[in-house]
Amino acid sequence: MSWLPGGTVYGTLLNLRSEFDALAPQMHEPPYAAPPRAPVLYIKTANTFSPAGTAIAVPSNVPEVEIGATVGLVIGAGGEVRGCVLMNDLSVPQAAFYRPPVRFKCRDGFLGVGAEVRETDPAEVQIEVRINGELRQTVRFDALLRPPAQLLADVAEFMTLAAGDVLMFGCAAPRPRARAGDRIELRSAALGTLAHTLVAETP
Amino acid sequence: MKHARVIHEGRVRHGLERDGQLLLDDGARVGFDAVTWLPPLEPVPRPRTILALGLNYADHARELAFKAPDEPLVFLKGQTTLAGHRQFTRRPPGVSFMHYECELTVVIGRTARRVRRDDAYDFIAGYTVANDYAIRDYLENWYRPNLRVKNRDGATPLGPFLVDRADVPDPMALALQTTVNGRLTQSGNTKDMIFDVPFLIEYFTGFMTLQPGDLILTGTPDGVADCRPGDVVVTEIERLGALVNTIA
């Protein structure tokens, strides 16, 4: 059976340079007023977990979804990093980051979860995103604003990651978009392949 | 019935309140002082979804200088933020404003997807009290209220009991209050919620499936106040009980 997270899954906003740069012009404007100081986290709830190979339903009122190719650090029994897993952190397209993104990111099935956790150096991971076979994005994790050790330390300053919890590194901008009927494939030499098919939600 | 989850003589036990004592599942009757209280929740097979409302009482929204929202302001919590009755919550050194929030908490009882508000109560197992502490010094305008404010270890006491739905005929008319060192600082009633419990269940299950054991913390009325180390904070809701926490 596919691996699924046993704990809380946390995502990180603004940890890839491309995403940070895209928002930088707005950061000193209302409602943000200033760039973030602490890591900006959000939670992907259990109803979002989609094992590899499954179909993900796209809500009827959402024409397109954003693909979120990323890597999750899986926390082990003693609080240490057990390994990495490929994740597809789907989102309803969203341009505002003032309020928590529950309605955008916590829809049923909106987190594609890699089938296995592997020990690898996250800085070596590269993910290719293909939609219906066409290469749409290549994401690398060797130049994070907060590299893994620093992200873990800055999160630990205010909360403990428990055994089974997962901390995702963040996504690159702009995110490719896909719609019902599309096949999404994330490929990584280090972490394997994670594929899902988007289907229209049944009423 | 009022259900508790406690540690007694080194073992985790389910308990029922009986005449001011706990009747444990091994048959023992013990005093409330004889156990360590855990959040009154059975383990779940998947990570628990914990939804929490901000600004869900008009007076509290005014107090914090916001206009009442036209849709629920919701944020999420991880499981490590929960703590039991009579536990301690840490105030970080150097902060200026850490406040309690007394909140009616709904515990989901059945898989809930696209529930209509008229059916919402059928999906509730029961109710408990949460104290959803916030440390306002750490507020930032990115996914606000951000996790550094609201998702700290042990900073969401829950309990003492899970009270069965059948024992709470009208959850939308419960007095709630908070005392700090015995002094009344917060007083309100769940009838003043902007988005009531049936609305919230319809709203959330319209886009996400909730499972038994998932939680909805429904927000707090006005009257929040700073808490200092050593302060004993009691958040209490009619019919549900008094949740005691001490600031460490």
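Where in chain B does B:Arg117 lie? In this predicted model, B:Arg117 is placed in the loop that runs between β11 and β12 of chain B. Leaving aside residues up to four places away in sequence, B:Arg117 touches B:Pro198, B:Phe199 and B:Glu202. As for B:Ala52, 65 residues separate it from B:Arg117 in sequence, and the C-alpha to C-alpha distance between the two is 18 Å.

The loop between β11 (102-108) and β12 (124-131) of chain B also holds B:Arg114. With 10 C-beta neighbours inside 10 Å, B:Arg114 counts as exposed. Its backbone deserves a look as well: B:Arg114 is not a glycine, yet its phi is positive, at about 50°.

Helix α3 of chain B spans residues 197-205. Which of its residues are buried? They are B:Val197, B:Leu200, B:Ile201, B:Phe204 and B:Thr205. Viewed down the axis of α3(B), these buried residues fall within an arc of 110°, so they line one face of the helix.

B:Asp19 has a phi near 50°, a positive value in a residue other than glycine. This residue sits in the loop between β2 (11-18) and β3 (21-24) of chain B. B:Asp19 is exposed, with 6 other C-beta atoms within 10 Å. For background, most residues other than glycine have a negative phi, and most peptide bonds are trans. Chain B also has a cis peptide bond, joining B:Gly159 and B:Pro160, with omega of about -5°. B:Pro160 belongs to strand β14 of chain B, which covers residues 156-164.

At the level of domains, chain B is divided into domain 1, residues 1-38, and domain 2, residues 43-247. Taken over C-alpha atoms, the centres of domain 1 and domain 2 of chain B are 24 Å apart. Seven residues of domain 1 and 10 residues of domain 2 of chain B take part in the contact between them. On the domain 1 side, β1 (2-8) and β5 (36-38) of chain B each supply at least two of the residues that touch domain 2. The largest share of that side comes from β1(B), with three residues. By residue class, the domain 1 side divides into four nonpolar, one polar and two charged.

Turning to chain A, how many helices and strands does chain A have? Chain A has three helices and 14 strands. Its radius of gyration is 16 Å, close to the 17 Å that the globule rule gives for 203 residues, so chain A is as compact as a globular protein of that length. Along the principal axes, the C-alpha atoms of chain A fill a box of roughly 40 × 40 × 30 Å. Of the 203 residues in chain A, 43% count as buried. When contacts in chain A between residues at least 6 apart in sequence are considered, 77% of them join residues at least 24 apart. Chain A has a cis peptide bond too, between A:Ala173 and A:Pro174, where omega is about -10°. A:Pro174 is found in the loop between β11 (166-168) and β12 (177-178) of chain A.

The two chains meet in a contact that takes 31 residues from chain A and 25 residues from chain B. On the chain A side, β2 (40-44) and α2 (102-105) are the elements that give two or more residues. Of the elements of chain A, β2(A) gives the most to this side, with four residues. The chain A residues that touch chain B divide into 21 nonpolar, five polar and five charged.

Finally, the confidence scores can be read alongside these features. Chain B has a mean pLDDT of 96, and 96% of its residues reach 70 or more. For the model, ipTM is 0.97 and pTM is 0.97.

Notes. Residues are numbered from 1 along each chain as its sequence is written. Chains are lettered from A and ligands numbered from 1 in the order in which they are written. This is a predicted model: local features need pLDDT of at least 70, side-chain atom pairs count only at pLDDT 80 or more; totals for chains, interfaces and linings use all residues. Ala, Val, Leu, Ile, Met, Phe, Trp, Tyr, Cys and Pro count as nonpolar, Asp, Glu, Lys and Arg as charged, and the others, Gly among them, as polar. The radius of gyration is taken over C-alpha atoms; the globule rule is 2.2 Å times the number of residues to the power 0.38. A residue is buried if 20 or more other C-beta atoms lie within 10 Å of its own, exposed if 12 or fewer, and partly exposed in between; C-beta atoms are placed from the backbone. pLDDT is the predictor's confidence in each residue, from 0 to 100. Domain bounds come from an automatic or database domain assignment. The arc is that of the directions from the helix axis to the C-beta atoms.
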